[in-house]
Amino acid sequence: MSASFRLRPLGAVFLGLSLLALPLCAQADEPGVYHMVIKDHRFVPDSITIPADAKVSLIVSNQDATPEEFDSIPLRREKVVPAGKEITILLGPLKAGSYAFVGEYHEDTAKGTVVVQPAATAPKE
Amino acid sequence: MLATAIIVFREVLEMAVVVGVVLAAAEGAPGRNRWVAYGLLGGFGGAGLVAAFAGTISDAAAGMGQEYFNTAILAFAAGLIGWTVIWMRQHGREMAAKLKETGRAVAAGESPLHMLAVVVGLAVLREGSEAVLFVYGIALSQPESALDIAAGVALGLAGGGLIGAFLYLGLLRISARHLFSVTSLLLTLLASGMAAQAAGYLVAAGTLPALIDPLWDSSWLMAQDGIAGRVLSVLIGYQERPSAMQALFYAGTLGGILLASRQSNRRSWKPAS
């Protein structure tokens, strides 16, 4: 979150807890939505570029007949993508950098990256 | 076969750590093996059910069903462990006295230790369902023969079970005087790690803010996807890149359990041997 949170972690805790009471914190902008499919145990495209410090959604659609698991320790996301289904993964706000993910059930082929670019240079979604 | 073995091993490893700690914590409790077996059986049955309904769970709660499902299981397991540890600490003296009097542990009815069977069941259900989904996928796409798959599953189960057995036997090498303190501390850390993991799922679902993300990055020191990293992530809740929210949940659970059992801590546990 914002820099003031880092300066005052305790305040952030209380603010965070009070946010729980709200249904969903209202966002001024619609978060960017990115798409990816799983086909033949590969992610297509295998990389997305998102802006830093922004919340985005990644919709992963599994076109294979077998289940897959989107797994990323750096992104701290672990989500099963049942066969023929699509799932939404909420990402961010993230710092600029490169975050690897895999399809845990077919790790040799199902690999990808989320590239997070500083806000100024990221493509507008 | 090897791919199957590796995936099954990973999932089994995580449940084996939980089972190993529970077995050691309940060492000497009557009927322990029976209720742990019930927990395992129930967990495997549940894992099959969860895998079968993976699509339904995934679509629930506006697509965040998996996150909430995992949160609920982890929070429930953490709560059960916390409650058991507090009870163990508060009744440590009585348990010790009874051990001395009768030469055996308290009657099963008086001890909530068998609640840990539910914890075993939940761990198996959560990790097992992922293994079941994977094996189902392999069986469906048939890149391997049924025999190869079976051999891979057996190898993975054996490998994971071996680590759990090492953990259990290693804990039993601790003298009886310290076993209770060590296992109750391990259970406390296990519960704290589960609470932090639950917080991670709530952050993933967008319900909680991450606050500071990540709070630190210790992947250079200990990678979370290695065997040691995986064991530690279950055992003490190690995370190479936790969010501040997870750290808060970890500290809150740890502090809460320690505080709740503080009074009894003063009446120190005196083992019978």
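Reply: Happy to. Let's begin with helix 1 and helix 8 of chain B, whose axes lie 9 Å apart and pack at an angle of about 145°. Please keep in mind that this is a predicted model. Helix 1 of chain B passes helix 8 of chain B in a left-handed crossing.

If you want to find the meeting point on screen, look on helix 1 of chain B for Val18(B), Val21(B), Ala24(B) and Ala25(B). Across from them, helix 8 of chain B brings Thr183(B), Ser184(B), Leu186(B), Leu187(B) and Leu190(B). By class, this contact has seven nonpolar residues, two polar ones and no charged ones.

Now for helix 8 of chain B itself. It covers residues 176-204, which is 29 residues, and spans 42 Å from its first C-alpha to its last, close to the 42 Å expected at 1.5 Å a residue. Of those 29 residues, 23 are buried, so helix 8 of chain B is largely enclosed by the rest of the structure. Just after this helix, Gly206(B) takes a positive phi of about 80°.

Helix 1 of chain B has another partner to look at. Its residues 2-25 pack with helix 7 of chain B, residues 146-172, where the two axes come within 7 Å and cross at roughly 25°. That angle is why helix 1 of chain B counts as roughly parallel to helix 7 of chain B. Here the crossing is right-handed. The residues of this contact divide into 22 nonpolar, eight polar and no charged.

Stepping back to the whole chain, chain B contains 11 helices and zero strands. Buried residues account for 48% of its 273 residues. Among contacts in chain B with a separation of 6 or more, 85% join residues 24 or more positions apart.

Finally, helix 8 also has a part in the meeting of the two chains. In that interface, 27 residues of chain B are in contact with 24 residues of chain A. On the chain B side, the elements giving two or more residues are helix 3 (54-63), helix 6 (116-141), helix 8 and helix 10 (244-260). Helix 6 of chain B gives the most, with seven residues. This side of chain B has 14 nonpolar, nine polar and four charged residues.

How values were computed: Residues are numbered from 1 along each chain as its sequence is written. Chains are lettered from A and ligands numbered from 1 in the order in which they are written. This is a predicted model: local features need pLDDT of at least 70, side-chain atom pairs count only at pLDDT 80 or more; totals for chains, interfaces and linings use all residues. Axes are lines fitted to C-alpha atoms, for helices over the stretch in contact, and angles run from 0 to 180 degrees between N-to-C directions. Helices (H or I, at least four residues) and strands (E, at least two) are DSSP runs, numbered from the N terminus. Angles under 35 degrees count as roughly parallel, over 145 as roughly antiparallel, 65 to 115 as roughly perpendicular and the rest as oblique. A crossing is left-handed if the near helix is turned anticlockwise from the far one by less than a right angle, and right-handed if clockwise. Ala, Val, Leu, Ile, Met, Phe, Trp, Tyr, Cys and Pro count as nonpolar, Asp, Glu, Lys and Arg as charged, and the others, Gly among them, as polar. A residue is buried if 20 or more other C-beta atoms lie within 10 Å of its own, exposed if 12 or fewer, and partly exposed in between; C-beta atoms are placed from the backbone. Two residues are in contact if their C-beta atoms, placed from the backbone, lie within 7 Å. The expected span of a helix is 1.5 Å times one less than its number of residues.
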